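Below is a short report on one chain. It starts from a single residue and then widens to strands, a helix and the whole chain.

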Amino acid sequence: MVPLPLPARPALLAAVLGPAGRRRLSRHHGNRLLPPPLLPTAPAAAAAARPSSGAGGQPEAEGPSRATALLRHLLLKLRATGPVTVAEYMREALTNPGQGYYTRRGGIGESGDFVTSPEISQVFGELIGIWYISEWIATGKPKAFQLVELGPGRGTLTDDILRVFNQLASVLSKCDVSIHLVEVSPKLSEIQALMLAGEKVQLNPEDKPAYMKGISKTGIPIFWYRDIQDVPPGYSFYLAHEFFDALPIHKFQRTEKGWCEVLVDIDPEVPDQLRFVLSPSGTPATENFIQPEEMRDHVEVCPEAGVIIQRLACRIEKDGGAALVADYGHDGTKTDTFRGFRNHKLHNVLRAPGTADLTADVDFSYLRKMTQGRTATLGPIKQREFLKNMGIDLRLQVLLQNSHDTATHEQLLHSYDMLMNPKKMGDCFNFFALLPHHRLVHPDKKHKPDSKSPLAPVAGFGELLLK
């Protein structure tokens, strides 16, 4: 058995142009797009599964893996059941109730393991807030809307959006706005509550869909849920920023026998360490998740992302609204993207599980397919293009004009560079949207092709025209 090497929008904008905002963290969590090295051939194993290469970016050199409580748990599990899927390993490493990375740590920010765009500059969140108000106006200003964020991190992005809603209170005066956060981490929900509502938070009885509720500092109700299905129906705007990339993936490899699945097992030569192996033949996942037309030799599929996209598409089709997804990703072209981050550096995904962020690029072609035609989709479009189309250059100029010290001036320019530079976040991140079909194609057009009531363009996905 031979080990396998794996490849590797302008009125709204003007309304929020205010003084320079508070300074933000400027560190980025590194380039997540490093190709994985090829591993040397290893001796054949006598087990039913065969060795595979170490998927994902490899870290800086480090010593032997310390046996974390989660690793000990996994070793016992593997000895009892045999190899597990990468999806099951990720689920344990990230969301294990006692030792999972997000349930225990959730290391966002300069002192954590990664920094996100909202943590770098307030402008990012402001422009997303403008995007939602723009869509609300374009769809006739419904009397109420819910802003639903999936995996809100520290709450920074929602906080920036709420500030825009407050600055545009006159525009939203006749609209009933509420915030709904889907968060499984007790620690992060506490951080979010403190940032968004201060002391105005209370726990709900267990029979309530929302486990916590509060009032924002600007008077908007906020609710916390553990599952998107618990969020009440209604006209809603959904936001998923760096959410889908942390959902568990299955990894598959094409072989002479057909498709096999990459699994996680104990390394027989180092009993307290883990390794990747290939299933000896197809698995239920290879039968269900590989598309017949697939041309790549190595594929990552995230079924949970597919299920969530289906639910969002059904909700938007039924109740209206839109979903905006911003994440690392590709349009069905990449292969091996599974990697780990710890202390802002690449980290071996199989070392010290529960202590590092695990992630894989989002396959937007898969998300598009999983809408099953219930909604229209736009994108993916590069972050630098989306933000430019939303007017980030104009916003930066106003902030620079209102900054009166060199440090703030330099911080603004640095933050802009982090968000827009193609070699930093500019090209790594993509924006993708789900919208009702009638938002892009006027219902009258089917019967009256010459109808002269053009639809408003969707902000961010087309060039910004200032009049």
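## Ser236 and its surroundings

Not counting residues up to four places away in sequence, Ser236 touches Gln146, Val148, Gly320, Gly321 and Ala322; contact means heavy atoms within 4.5 Å. A polar contact of 2.8 Å links the side chains of Ser236 and Gln146. A polar contact is a pair of N or O atoms within 3.5 Å; within protein, one must be able to donate a hydrogen and the other to accept it, and residues adjacent in sequence count only if both atoms are side-chain atoms.

Ser236 lies in strand β8 (residues 236–241). Its relative accessible area is 0%, so Ser236 is buried. Buried means under 20% relative accessible area, exposed over 50%, and partly exposed in between (1.4 Å probe, protein chains only).

## Basis of the model

This is a predicted model: local features need pLDDT of at least 70, side-chain atom pairs count only at pLDDT 80 or more, and totals for chains, interfaces and linings use all residues. Residues are numbered from 1 along each chain as its sequence is written, and side-chain values use heavy atoms, with hydrogens and water left out.

Strand β6 (residues 212–215) alternates. Met212 and Gly214 point to one face and are buried.

β5 (residues 201–203) runs antiparallel to β6, joined by three bridges. Two strands pair if DSSP finds at least two bridges between them. Gln202 has Lys213 as its bridge partner in β6. On the β7 side, Lys213 stands opposite Phe223. β6 pairs with β7 (residues 221–225) over four bridges, again antiparallel. The β6–β7 hairpin has five residues between its strands, and Gly219 in the turn has a positive phi of about 90 degrees.

## A three-stranded open sheet

Another sheet has the order β15-β14-β16, with antiparallel pairing. β15 (345–347) and β16 (357–359) are at the edges with a single partner strand each, so one side of each has no neighbour in the sheet. β14 (residues 339–342) pairs with β16 over three bridges. Gly340 has Leu358 as its bridge partner in β16.

## Helix α7

Helix α7 covers residues 156–167. Of its 12 residues, 10 are buried, so α7 is largely enclosed by the rest of the structure. Among them are Asp159, Asp160 and Arg163.

## The whole chain

The chain holds 16 helices and 19 strands. These are DSSP runs numbered from the N terminus: helices are H or I with at least four residues, strands E with at least two. Of 467 residues, 56% count as buried.

Note on methods. The expected span of a helix is 1.5 Å times one less than its number of residues.
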